[in-house]
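Please examine the sequence and the three-dimensional structure shown below. The paragraphs that follow lead through them step by step.

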Amino acid sequence: MVDLFCGGCNVGLNVGASRVLFNDTNGHLIRLFEVFGRMDKEAAFGEISRIIDRFGLSRSWEKGYAHYRCGSSSDGLGDYNRQPFLELRRAFNERKERDDLYYLMLYVLIVYSFNNQIRFNRKGEFNLPVGKRDFNPRMQKKLSAFMDRLKSGDYRFTSRDFREIRPEEFPADTFFYVDPPYLITCATYNEQNGWTEQDERDLLAYLDRVDGCGMRFALSNVVESRGRRNDILADWVERHPGHYRMIPLDFSYSNSNYHIKDKGSATREVLVVNYS
């Protein structure tokens, strides 16, 4: 399997493939995964704990929310963690050595940041604000399972533009999973012109190449969102009648932390496949 825009590796790690290539243009993310795949789990957790203590971040799983003057988990820990988080963020951005500690500091930043996201500005600095969570038991369990999974299979990581990955170099039974930035939506990964109409056209041409090699693909995308329509995607599917199938996906984001003003506007998420 090729997970062409792997993000958090959620799909590739849960597919029963003998080998998986994870690719993402975010080199920080890819190197973080490589660190988790290489490090001993006890050593990684120990270093994460030391980072939390060094900067005085909350440990709600040990001391409870009341200790930090937070009524409940829904109130969040942002007020308490704001200053320690900014100190960690500053130390991370100033660190020159790109060693294991650097990437574990990045992981702690992600855990304590807004919506557990990752974002860098044009200067290469991590610039998300503090969030309301900490390294709670759920996060610890997820990391433990993630590290175990990374060590259980033949997983490779690369940080390349998708156009540099040649489908012709893979076996005929390779499956391509493609979850790119969505052209007509706005998200952290799609800021600063991170995905353009030309990228969209190039990707669809790339999938034509995958199909031409006799391989299967699944493309996750959005065809309509807040009054906008992805005509490039829709027209591409229409040009392959009976061959490319657009499967509608019905998801609800009612519990999302994002505050969407026009919640009644239609968003049509789809999965486009070249197989039945």
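D24 is buried, yet it has no salt bridge; the nearest side chain of opposite charge, R31, is 10 Å away. Buried here means under 20% relative accessible area, whereas exposed means over 50% and partly exposed lies in between (1.4 Å probe, protein chains only). A salt bridge is a side-chain nitrogen of Lys or Arg within 4 Å of a carboxyl oxygen of Asp or Glu. For charge, Lys and Arg count as positive and Asp and Glu as negative, while His and the chain ends are not counted.

The model is predicted: local features need pLDDT of at least 70 and side-chain atom pairs count only at pLDDT 80 or more, whereas totals for chains, interfaces and linings use all residues. Residues are numbered from 1 along each chain as its sequence is written, and side-chain values use heavy atoms, with hydrogens and water left out.

Where does D24 lie? D24 is found in the loop between β2 (19-23) and α1 (27-38). Helices (H or I, at least four residues) and strands (E, at least two) are DSSP runs, numbered from the N terminus. If residues up to four places away in sequence are not counted, D24 touches L4, F5, C6, G7, I30, T158, S159 and R160. Such a contact means heavy atoms within 4.5 Å.

Side chains of opposite charge can pair when their charged atoms come close. A search of the whole structure finds 20 salt bridges. One of them joins D99 and R95, with 2.7 Å from N to O; R95 is partly exposed, at a relative accessible area of 22%. R160, which touches D24, forms a salt bridge with E164, and their closest N and O atoms are 3.8 Å apart. Both partners count as partly exposed, E164 at 45% relative accessibility and R160 at 34%.

Another salt bridge links the side chains of E197 and R201 (3.8 Å, N to O). These two residues lie in helix α7 (residues 197-212), 4 residues apart, which is about one turn of the helix. E197 is partly exposed, with a relative accessible area of 45%, and R201 is partly exposed at 41%. Salt bridges that share partners also join D161, R163, D199 and D202 into one network.

How many disulfides does a search of the whole structure find? The search finds 0 disulfides, a disulfide being a pair of cysteine sulfur atoms within 2.5 Å. C9 is buried, at 0% relative accessibility, whereas C213 is partly exposed at 28%.

Attention now turns to the strands. Strand β5 (residues 216-225) is mostly covered, with 8 of its 10 residues buried. Two strands pair if DSSP finds at least two bridges between them. Strand β4 (residues 175-178) runs parallel to β5 and is joined to it by 4 bridges, and F175 has R216 in β5 as its bridge partner. With strand β8 (residues 267-273), β5 pairs in the antiparallel sense over 7 bridges; there, V222 has E269 as its partner. β5 also pairs with strand β6 (residues 228-229) in the antiparallel sense over 2 bridges, and S225 stands opposite R228. β5 and β6 form a hairpin with 2 residues between them, and R226 in the turn has a positive phi of about 50°.

Finally, the whole protein may be considered. Its secondary structure comes to 8 helices and 8 strands, and 44% of its 276 residues count as buried.
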